[in-house]
Amino acid sequence: MRPITVSIADAVEISGLSQATLYRLIGRKELATVKVGRRRLVRLDSLEQLVGT
């Protein structure tokens, strides 16, 4: 079963982008995230769409 969301650290590994770049994209609303408690999780479909996979 595929995860719906991934951590920022996992998103860095998957995309090859830096953590700073991911946070910049999140701030610009170009990368969809969800907040669970204090954690910010990246939606995998949004990340895949961004990197074109």
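A word on terms: strands count as paired if DSSP finds at least two bridges between them, while helices (H or I, at least four residues) and strands (E, at least two) are DSSP runs, numbered from the N terminus.

Before going on, keep in mind that this is a predicted model, where local features need pLDDT of at least 70 and side-chain atom pairs count only at pLDDT 80 or more, though totals for chains, interfaces and linings use all residues. Residues are numbered from 1 along each chain as its sequence is written, and side-chain values use heavy atoms, with hydrogens and water left out.

Now back to E3, which has another partner to look at. Strand E2 (residues 33-36) pairs with E3 over four bridges, again in the antiparallel sense. Val 36, for instance, has Arg 39 as its bridge partner in E3. E2 and E3 make a hairpin with two residues between them, and Gly 37 in the turn has a positive phi of about 65°.

What about the rest of the chain? There are three helices along with the three strands, and reading along the sequence gives the pattern β-α-α-β-β-α.

Take helix H2 (19-27) next. Its buried residues are Leu 22, Leu 25 and Ile 26, where buried means under 20% relative accessible area, exposed means over 50%, and partly exposed is in between (1.4 Å probe, protein chains only). Looking down the axis of H2, these residues fall within an arc of 100°, so they line one face of the helix; the arc is that of the directions from the helix axis to the C-beta atoms. The buried residues of H2 pack against helix H1 (8-15), E2, E3 and helix H3 (44-51), with contact meaning heavy atoms within 4.5 Å.

Just after H2 comes Lys 29, with a positive phi of about 65°, even though Lys 29 is not a glycine. It sits in the loop between H2 and E2, and at 73% relative accessibility it counts as exposed.

H3 has its own buried set: Leu 44, Ser 46 and Leu 47. They cover an arc of only 160° around the axis, which puts them on the same side of H3. Their cover includes E1, H1, H2 and E3. Just after H3, Gly 52 takes a positive phi of about 75°.

Finally, the whole chain. Buried residues make up 26% of its 53 residues. Among contacts between residues at least 6 apart in sequence, 47% join residues at least 24 apart. The C-alpha atoms fill a box of roughly 25 × 25 × 15 Å, taken along the principal axes.
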